[in-house]
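Please look through the model below before reading the comments.

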Amino acid sequence: MSYDKLIFELSKEGRRAYSLKKASYPQYDINDLASNLRTIELNLPEVSELDCVRHYTNISKKNFGVENGFYPLGSCTMKYNPKINEDIVKTTNFAKLHPYQPVNTVQGALKVYYELQKSLSEISGLEEFSLNPYAGAHGELIGLMVMKEYHLSRKDFKRNKVIIPDSAHGTNPASTVVCGMEVVEIKSNAKGMVDVESLKSVLSDEIAGMMLTNPNTLGIFESDICEITKLVHDAGGLMYYDGANLNAMLGKVKPGEMGFDIMHINLHKTFSTPHGGGGPGDGPVGVKDFLKKFLPNPQVKKLDDYYYIANEADAIGRISSFFGNFLVELRAYSYILNLGKENLMQVGGFATLNANYVRECLREDYILPIKGYCMHEVVFDGLLDNPNDIKTLDVAKRLLDYGMHAPTIYFPLLFHQAIMIEPTETESLQTIDEFIQVMKQIAKEAKEDPELLRSAPLSTPISRSDEVFAAKHMIFSYRDYLEYISNK
Amino acid sequence: MSKVIDGLMYQESHEWLKKVSDDEVLIGITEFAAKELGSVVFVDLPEVGDELTAGSDFGAVESVKAASDLTSPVSGEVIEINEDLVGEPELVNEDAFNAWFIKVKISNPEELDVLLSAEQYKKLI
């Protein structure tokens, strides 16, 4: 297959797909708009309808998603999103609502918001949620703002430092800095977990709190969690739970019961809403009772059977135009109700079982750097028997030839050849077995035909892209491309 | 096996340090670090005149695989930066021991005593 032309390169001057009715707007004189007029003509591709349809249909065939094949991207929880979520969004009238409609005409929408909030409370063990943040990282920032506001409200102005383990997601330190606080990093111990002694050494009356993911970024359950949360609380800090890995916990442990005070949930990971492409996302923030007055406005409340919108005085303020990405929330609500409590309680168990099955089946082919069981994702550190020095990158590229998406590679940074696999609970035993066979086949090829792996993938629309070139030359648009070509 | 040069000083986070006069040193990253990172695409350096303390970050190096902080082994003032690296970060991969990042006027020579020798560093990698 060849790499397709851009639609701009298909363009032929004067070609039309559709004839628009001649517009006439007598009430406007073009000269009135002079200051808004473009000075250069808009470069729009000129193609026929058939050219256009073919172009985009062909591009769509090159796409790869969880609906094409196995997608074991570690740390991302690429579970299958049931189509009933989309049905609910399309076949009901929620999509037609306007946030400024009178409250008595949107009781159903407010009920969805309220009940999703209550469901997340039940799942997480935190009393109150706001669904307003637009994405996980936004939720993190709002959670930290609540943490900061709590200390300020008690006139405890010294607390400006947040403890973050070195294995944390990069967003944790980023959110802390954006929130105007300082990061204190602590090292992991040999087991890849928080080192309680180094935690003790950084605790002081300047600590606002600690951010933690559990299971952590290595896919391991922080077994000292109760001691950790107690130590931080005794020092006057709050515990923040990064909900990125909540999927592994569903039905097993509630963050609130582990001692966390604040958390965010990435709805797209755990509650089957769309991934990637820059959104839309939704990042609910939950807090313990004593923090709920700080949650952002507007809030949805209930009096008897009537739902209403409230703006509270102690809230950190408004952090979104309205109520977050409502249709994303609706999908999560649909997922939770469709599974029901009984099935939702099994998610974490199956996710963990699947990851450990992969771990056991591949332990003779790939290096296992961490002893003991994993949670929802398993980390390998490259090939075990590797006479030809085949890198993790080569293994990942070869997987594409077998019609599977590559796992996360070179993350976590603690290992040099990391491969991080998260099968999720939605894959069948047959699919996981097929993946295991392919991984074993690649390990065999690494010994017998190393050049094949180094030149993989061979069956994809493009083979290896020039990453160095891509990182150094920012070509984001056709205009950038033309500029680059003309300067060359 | 990556090259390690005798006579330079090293630290665990894979920076090398070379004395160019009594109180001036060059700092870079080792060949081992450059190989681990893979193709370097971006180097972030401090400003001339910045004050460093031992153990603090003075910049970052970014490759196609990862971004990594640069940790200063010494305290002192940055007196020169290697502008060539900004335009041609690939120099780090081509010859890590010639691609120095910064020149520092050190304020506490005793900090050099705790750094690793080439022999000690070799054992680490």
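The numbered points below go from overall layout to individual residues.

1. Basis. This is a predicted model, in which local features need pLDDT of at least 70, side-chain atom pairs count only at pLDDT 80 or more, and totals for chains, interfaces and linings use all residues. Residues are numbered from 1 along each chain as its sequence is written, while chains are lettered from A and ligands numbered from 1 in the order in which they are written.

2. Overall form of chain A. Chain A holds 16 helices and 12 strands (DSSP runs numbered from the N terminus: helices are H or I with at least four residues, strands are E with at least two). Its radius of gyration is 26 Å, close to the 23 Å from the globule rule for 488 residues, so chain A is as compact as a globular protein of that length. That radius is taken over C-alpha atoms, and the rule is 2.2 Å times the number of residues to the power 0.38. The C-alpha trace of chain A spans about 75 × 75 × 45 Å along its principal axes.

3. Domains. Chain A is divided into domain 1 (7-60), domain 2 (83-339) and domain 3 (347-469), with bounds that come from an automatic or database domain assignment. Between domain 1 and domain 3 of chain A, the C-alpha centres lie 46 Å apart.

4. Burial and core. Of the 488 residues in chain A, 38% are buried. A residue is buried if 20 or more other C-beta atoms, placed from the backbone, lie within 10 Å of its own; 12 or fewer make it exposed, and values in between partly exposed. The largest nonpolar core has 100 residues, and A:Val146, A:Met210 and A:Ile262 are among those with the most contacts inside it. Such a core is a set of buried Ala, Val, Leu, Ile, Met, Phe, Trp, Tyr and Cys residues joined through C-beta atoms within 7 Å. Helix 11 (residues 326-362) of chain A gives the largest share of this core, 12 residues. Domain 2 (83-339) and domain 3 (347-469) of chain A both contribute residues, so the core lies between them. A second, separate core of 32 residues includes B:Val25, B:Val41, B:Ile106 and B:Tyr121.

5. A:Met78. Where does A:Met78 lie? A:Met78 is in the loop between helix 2 (49-61) and helix 3 (83-91) of chain A. This residue is buried, with 23 other C-beta atoms within 10 Å. A:Met78 and A:Lys269 are 191 residues apart in sequence but 6.7 Å apart in space, C-alpha to C-alpha. Leaving aside neighbours within four places in sequence, the contacts of A:Met78 include A:Val66, A:His275 and A:Thr424 (a contact means C-beta atoms, placed from the backbone, within 7 Å).

6. Strand 8 (residues 299-303) and strand 9 (residues 306-310) of chain A run antiparallel and are joined by 5 bridges; strands pair if DSSP finds at least two bridges between them. A:Gln299 has A:Ala310 as its bridge partner in strand 9 of chain A. With 2 residues between the strands of this hairpin, A:Asp304 takes a positive phi near 50°.

7. Sheet in chain B. An open sheet of 6 strands in chain B has the order 1-2-3-9-8-5, with antiparallel pairing. Its edge strands are strand 1 (9-10) and strand 5 (51-52) of chain B, each pairing on one side only. Strand 5 of chain B pairs with strand 8 (residues 76-81) of chain B over 2 bridges.

8. Chain contact. The contact takes 6 residues from chain B and 7 residues from chain A.

Conventions:
Two residues are in contact if their C-beta atoms, placed from the backbone, lie within 7 Å.
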